[in-house]
Every structure is written in C-alpha cells, then in structure tokens.
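Here's a quick briefing for anyone opening this structure for the first time. Have a look at the sequence and the model, then read on.

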Amino acid sequence: MKTLKYFLIGVLFLSFSYSQAQVSVNVNIGTPPSWGPVGYTDVRYYYLPDLETYYDVNTSNYVYLNNGRWVRTRSLPSAYRNYDLYSEYKVVLTDYRGERPYDNFKTHRVKYAKGYKGKPQKTIGQKPGRGNNKQGKENPHHDNGNHNGHGKGKGNGKH
C-alpha cells in the first residue's frame with residue numbers, strides 16, 4: 001500500500017512537471033530587419049509594393065514570383081539587389097496568419113500598387129553608412145517626395 005501511494009505521488013509529480021513544461025512553451029517571432037517599420041514587433045509579413053514581394057520576418061526570407069512559382073530566398077532577385085529597402089514603403093500585413101501570404105497577392109497587387117505610399121514610416125535602424133538624410137538623392141528608384149531640390153541636410157520641411 002505504501003509503494004502504491006509513492007507511485008501515485010510520483011505519477012502526479014511527473015504529470016504536473018510535464019504540464020508546466022507545456023505551458024511554458026514560447027512562440028519565437030523573428031527579429032525584424034533594420035529597414036523594417038517601427039512599431040510592428042508581432043507581425044510575420046511585409047508586402048513591398050514596388051517589388052511585388054513579401055518579406056517573412058520569422059525566416060528572414062523574401063517571397064516572390066519567379067517563373068510563375070513562389071520562391072523563398074534570403075536575398076532579393078538580382079534585378080532588385082541594390083534596391084534601397086530603407087526608403088521602400090512596407091505594407092505591414094497585420095491581418096494575415098499562415099504560411100502563404102501570396103494567396104492574397106491579386107488583392108495586394110491592386111490595393112497596394114507600385115508606387116503606393118501609406119502613412120509615413122520610420123525604419124527600425126539607420127541606413128548603413130549614410131543615415132536617412134540622403135536617400136532621395138542616392139536612390140534612383142525613389143525621390144521620397146523631395147521635389148524642391150534640397151536633398152541634403154535636415155530641415156523643418158518649410159520652404
């Protein structure tokens with residue numbers, strides 16, 4: 001009887017330990033890239049309208065169409081390798097959960113067409129080696145709305 005009592009206590013202890021281990025499982029979300037927008041630490045995907053490409057924060061992969069198939073790679077296609085992601089607008093997909101954001105590509109492509117700009121965004125980090133002041137001048141793909149020819153220095157926006 002005493003052995004049975006110790007056995008049951010042991011089983012209860014192990015059951016409790018096992019349930020505690022299951023409860024403490026943590027979901028690990030990837031680290032957003034330095035060019036990612038500030039304020040979105042719990043999202044998985046960005047859509048990059050000008051590139052018609054997704055970025056998976058969890059896996060640090062770009063997801064794009066290549067010869068009619070969606071591929072996941074660590075780098076952008078060669079045509080966009082020198083693209084300035086710090087000035088590229090990022091659509092943060094806060095309403096999508098899953099592995100295939102491109103299932104909504106037709107909608108995203110229309111809703112966020114090339115050239116789309118939503119609310120102004122700040123990036124998590126500074127553009128390496130240059131800061132964020134000269135992006136419009138150095139990036140032939142974007143002018144950042146700078147149509148007054150004053151591409152250098154910080155200003156108050158009043159001209």
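Which elements of the chain have the lowest and the highest mean pLDDT? The lowest belongs to α3, with a mean of 38, and the highest to strand β2 (residues 53-56), with 98. pLDDT is the predictor's confidence in each residue, from 0 to 100.

A bit of housekeeping: residues are numbered from 1 along each chain as its sequence is written, and side-chain values use heavy atoms, with hydrogens and water left out. This is a predicted model, in which local features need pLDDT of at least 70 and side-chain atom pairs count only at pLDDT 80 or more, while totals for chains, interfaces and linings use all residues.

**Confidence**

- The chain has a mean pLDDT of 77, and 65% of its residues reach 70 or more.
- Residues 19-28 stay under 50 in pLDDT, and the model gives them 0 contacts beyond four places in sequence; a contact means heavy atoms within 4.5 Å.
- Residues 132-159 also stay under 50, but here the model has 30 contacts beyond four places in sequence.

**Overall layout**

- The chain has 3 helices and 5 strands, where helices (H or I, at least four residues) and strands (E, at least two) are DSSP runs numbered from the N terminus.
- Follow the sequence along and the pattern reads α-β-β-β-β-β-α-α.
- Out of 159 residues, 31% count as buried. Buried means under 20% relative accessible area, exposed means over 50%, and partly exposed is in between (1.4 Å probe, protein chains only).
- Take the contacts between residues at least 6 apart in sequence: 59% of them join residues at least 24 apart.

**Aromatic rings**

- Searching the whole structure turns up 15 aromatic pairs. Rings of Phe, Tyr and Trp (its six-membered ring) pair if their centres lie within 6.5 Å; planes under 30 degrees apart count as stacked, over 60 as edge-to-face and the rest as tilted.
- One of these pairs is W70 with F105, an edge-to-face arrangement with 5.1 Å centre to centre and 75 degrees between the planes.
- That pair links distant parts of the chain, since W70 sits in strand β4 (residues 69-73) and F105 in helix α2 (residues 105-111), 35 residues apart.
- W70 is partly exposed at 23% relative accessible area, whereas F105 is buried at 9%.
- Y89 and Y116 have ring centres 5.5 Å apart and planes at 75 degrees, so this pair is edge-to-face as well.
- Y89 lies in the loop between β4 and β5 (91-93) and Y116 in the loop between α2 and α3 (135-138), so the pair ties together parts that are 27 residues apart in sequence.
- Y89 counts as buried, with 13% relative accessibility, while Y116 is partly exposed at 28%.
- Ring pairs join Y47, Y54, W70, Y89, Y102, F105, Y112 and Y116 into a cluster.

**The loop between α2 and α3**

- K114 is in this loop, and K114 is exposed, with 53% relative accessible area.
- K114 and D50 are 64 residues apart in sequence, yet their C-alpha atoms are 4.4 Å apart in space.
- Leaving out residues up to four places away in sequence, K114 touches P49, D50, E52 and Y80.
- T123 is in the loop between α2 and α3 too, and T123 is buried, at 15% relative accessibility.
- A polar atom of the T123 side chain lies 2.6 Å from the backbone oxygen of G125.

**Backbone angles to look at**

- Most residues other than glycine have a negative phi.
- E52, not a glycine, has a positive phi of about 50 degrees, and E52 is found in the loop between β1 (45-48) and β2.
- N67, also not a glycine, has a positive phi of about 55 degrees. N67 is in the loop between β3 (61-66) and β4 and is exposed, with 76% relative accessible area.

Note on methods. Polar contact = N/O pair within 3.5 Å; in protein donor to acceptor, adjacent residues only side chain to side chain.
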